[in-house]
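Welcome, and thank you for joining this tour. Open your viewer, switch to a cartoon drawing, and keep the selection tool at hand.

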Amino acid sequence: MPPAGFANAQPGGADFPDSFLCETIGESTTVDLDPFPRDSSGAPVTSGSNSDRLRAVGTIVDELDEPPRGQVEHRVDQERIARAVREILLAIGENPDREGLRETPARVARMYGELFGGLHEDPRRHVQKFFTETCDEVVLVRDISFNSMCEHHLLPFMGKAHVAYLPRERVVGLSKLARVVESVARRPQVQERMTEQIADILVEELKAKGVAVVIEAVHTCMTIRGVRKPGSICVTSAMKGCFRNKSSTRAELMTLIYGDRR
Ligand code: ZN
């Protein structure tokens, strides 16, 4: 038996779909995540390196899944937010009619429409289109950057999510995992629940043998107010299936996530 292989994709910053990398770790073998990759015209990709193929998959997937611009924002009552923000400005003793603040209520309303837009979409939709493939390799997408809003203070928390699964038969494009993170993040959240939600969605939709989600984040409600501890990072994890039951699988995953940073 060859050692279990790991496909390790690391998105570079916010523009994750274009910059996925696929690398071989240690003695592991690299796995084709998508058995039916297609190029930008929709034609099947039959040659090229694995990373090219992964990139092709990520790109086409994103073109298909991009929601119409501004659609989700419209489901947030922006006029109501604007009125409330004007109230806040009055309440703190400001003059909302002075030049610098005149556009602020509407601007904040548009921003909240964006930041809370995830409330009005189902994050599951991103992983409901999958490929059927017998695959016995762990898939990890590391360093998915995200920002969310702490529901206790409505202050941002931001950081990185690492999402892994061991497929049973269902395999999805790598960018789908990042889409789920994004969707779950764009609502009033707590980090612990966000971590569990991502894991549960993948367990239920992919019927995977195992799912692991690790999130590291800085909470501005801890850094700019309250205990004021800049630099503190909150780490949460959700381990399901083989990642919970098999310490060796979990250990290998942690090495993949943190190995080169220790
Ligand atoms: Zn908070």
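At roughly what angle do the axes of helix α4 (residues 174–185) and helix α5 (residues 191–206) cross? Select both: the axes cross at roughly 135° and come within 10 Å. Here an axis is a line fitted to C-alpha atoms, for helices over the stretch in contact, and angles run from 0 to 180 degrees between N-to-C directions. Helices (H or I, at least four residues) and strands (E, at least two) are DSSP runs, numbered from the N terminus.

Before going on, a word about what you see. This is a predicted model, in which local features need pLDDT of at least 70 and side-chain atom pairs count only at pLDDT 80 or more, while totals for chains, interfaces and linings use all residues. Residues are numbered from 1 along each chain as its sequence is written.

**Stop 1: α4 and α5**

α4 and α5 are oblique to each other. (Angles under 35 degrees count as roughly parallel, over 145 as roughly antiparallel, 65 to 115 as roughly perpendicular and the rest as oblique.) α4 passes α5 in a right-handed crossing; a crossing is right-handed if the near helix is turned clockwise from the far one by less than a right angle, and left-handed if anticlockwise. Now show V180, V181, V184 and A185 of α4 with M194, Q197, I198 and I201 of α5, which make the contact. Two residues are in contact if their C-beta atoms, placed from the backbone, lie within 7 Å. By class, this contact of α4 with α5 has seven nonpolar residues, one polar and no charged. (Ala, Val, Leu, Ile, Met, Phe, Trp, Tyr, Cys and Pro count as nonpolar, Asp, Glu, Lys and Arg as charged, and the others, Gly among them, as polar.)

**Stop 2: the strands**

Select strand β4 (residues 138–150) and strand β5 (residues 155–166), which pair in the antiparallel sense over 10 bridges. Strands pair if DSSP finds at least two bridges between them. Find F146, which stands opposite G159 in β5. β4 and β5 form a hairpin with four residues between them, and L154 in the turn has a positive phi of about 50°.

V163 has V213 in β8 as its bridge partner. β4 also pairs with β7, in the parallel sense over two bridges; look for M149 opposite P188 in β7.

**Stop 3: α2 and α3**

Move to helix α2 (residues 78–91) and helix α3 (residues 104–115), whose axes come within 8 Å and cross at roughly 130°. This crossing is right-handed.

**Stop 4: confidence**

Finally, colour by pLDDT, the predictor's confidence in each residue, from 0 to 100. The mean for the protein is 79. Select residues 1–39, where pLDDT stays under 50, and then residues 42–70, where pLDDT also stays under 50.
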